[in-house]
Amino acid sequence: MHAFQPYPLDMIELNPFKKIGKEWMLITADDGEKTNAMTASWGGLGVLWGKETAFCFIRESRYTKEFIDKSDHFSLTFFDKSYKSALKYFGIVSGRKEDKISSANMHVNYYENIPFIDEGNLAICCRKMSATPILPEQFMDSEIKDKWYEDDDFHTMYVGEIVQVLAR
């Protein structure tokens, strides 16, 4: 396992448009017995309800959703560019069919029982605060449903309080 150190949240210099939207992240959660992770390019960081938070979106059909729904915690792990093909793999293959963490030759590490992917260089560990289903009647822009939800596989937005940032 790699050595991770706590990193002060107010020291993070992270462009979310680049780091999340273009380079992607892995959302990781466990159900007490098994851990699963998935690639995500939707989410962000900010302040909500007086707390420093991270938020991400997971479709109803994703296996990782079952894990995050059963857990009180989740993590967002960021990688250097050399892991782009592995992140593509995590976005295509379902953990229902195989242990994709092992298949990608990656490993799970933990911060106080919060799983994150050890090969990353930055992990944001979160305590789940809310899970809000995204519903079609909420869209103010009618093109959203047609463009992003043609198959009615809607997202749930998860908001987590950032409890620790780890860097290596």
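## Salt bridges at a glance

Eight salt bridges are counted here, each one a side-chain nitrogen of Lys or Arg within 4 Å of a carboxyl oxygen of Asp or Glu. Side chains of opposite charge can pair when their charged atoms come close. Before we look at some of them, please keep in mind that this is a predicted model, in which local features need pLDDT of at least 70 and side-chain atom pairs count only at pLDDT 80 or more, while totals for chains, interfaces and linings use all residues. Residues are numbered from 1 along each chain as its sequence is written, and side-chain values use heavy atoms, with hydrogens and water left out.

K18, K19 and E23 are joined in a network of salt bridges. Within it, E23 and K18 meet with N and O 3.8 Å apart. E23 is buried at 14% relative accessible area, and K18 is partly exposed at 43%; buried means under 20%, exposed over 50% and partly exposed in between, for a 1.4 Å probe and protein chains only.

## Helix α2 and its partners

Helix α2 covers residues 63-70, and its buried residues are Y63, T64, K65, F67 and I68. Helices (H or I, at least four residues) and strands (E, at least two) are DSSP runs, numbered from the N terminus. The buried residues of α2 pack against β2 (25-30), β3 (35-40), β5 (51-59), β6 (73-78), β9 (122-133) and β10 (155-167), where contact means heavy atoms within 4.5 Å.

The helix also has charged pairs to show you. D69 and K65 form a salt bridge of 2.7 Å, N to O; both lie in α2, four residues apart, about one turn of the helix. K65 is buried at 9% relative accessibility, whereas D69 is partly exposed at 38%. R96 is partly exposed at 45%, and so is E66 at 35%.

## Around helix α5

Now to the region of α5. E143 is found in this helix (residues 143-148) and is exposed, with a relative accessible area of 59%. M140 is placed in the loop between β9 and α5, and is exposed at 82% relative accessibility. M140 and I162 are 22 residues apart in sequence and 30 Å apart in space, C-alpha to C-alpha.
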